[in-house]
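Hi,

Here is the structure I said I would pass on. Have a look at it first, and then read my notes below.

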Amino acid sequence: MTPAQLERFQAKLLKERADAEGRFAEFDDVMAEVRAARSGASADDEHDPEGPTMTQEWSQRSAVLADARTELADIDHALARIEDGSYGVCRNCGKRITVARLDARPTAELCIDCARLAR
Ligand SMILES: [Zn+2]
């Protein structure tokens with residue numbers, strides 16, 4: 001991998017990191033609203049018709065948060081690998097991961113062959 005390619009992937013990862021962090025911030029706002037609505041509802045009426053909707057909203061948002069958290073961790077790993085020079089090298093077999101694969105999935109740590117075997 002050339003320094004220019006590495007730089008391109010680093011920029012791409014940093015942008016994805018910013019996007020994932022944006023989803024975190026958005027999540028915090030929504031959760032604060034849901035919590036406020038929930039405590040208000042339970043104080044007024046236990047059988048509030050908004051109840052199930054809130055729960056659904058909550059679990060959907062939790063799933064989004066879990067995804068964003070995994071994504072952030074993957075991105076941080078990839079950025080660390082760029083720093084230590086192991087980026088683009090398969091963690092399993094040590095072969096180069098193709099640029100086409102990294103373009104599609106910049107956080108990939110396995111080459112396409114190992115990724116298939118891991119499944
Ligand atoms: Zn491999």
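How many salt bridges does a search of the whole structure find? The search turns up seven. Keep in mind that this is a predicted model.

Let me start with Asp103, which is partly exposed at 30% relative accessible area. Asp103 lies in helix 3 and Lys12 in helix 1, so their pair ties together parts 91 residues apart in sequence. That salt bridge has an N to O distance of 3.5 Å. Asp103 also meets the side chain of Arg8 in a salt bridge, at 3.1 Å from N to O.

Another of the salt bridges joins Asp19 and Lys15 (3.2 Å, N to O). These two sit four residues apart in helix 1, about one helical turn. Lys15 is exposed at 55% relative accessible area, while Asp19 is partly exposed at 39%.

Now the aromatics. The whole structure holds one aromatic pair. The ring centres of Phe9 and Tyr87 are 5.7 Å apart and the planes are at 50 degrees, so the pair counts as tilted. Phe9 belongs to helix 1 (residues 3-44) and Tyr87 to the loop between helix 2 (51-84) and helix 3 (99-104), so the pair ties together parts 78 residues apart in sequence. Phe9 is buried at 0% relative accessible area, and Tyr87 is buried at 3%.

Arg8 comes up again here: it lies over the face of Phe9, 5.0 Å from the ring centre.

Cheers

Methods
Residues numbered from 1 in each chain as written. Predicted model: local features only at pLDDT ≥ 70, side-chain atom pairs only at ≥ 80, totals over all residues. Heavy atoms only, no water. Phe/Tyr/Trp six-rings, centres within 6.5 Å; stacked < 30°, edge-to-face > 60°. Buried < 20%, exposed > 50% of the residue type's maximum accessible area, 1.4 Å probe, protein only. Lys NZ or Arg CZ within 6 Å of the ring centre and 35° of its normal. Salt bridge = Lys/Arg side-chain N within 4 Å of Asp/Glu carboxyl O.
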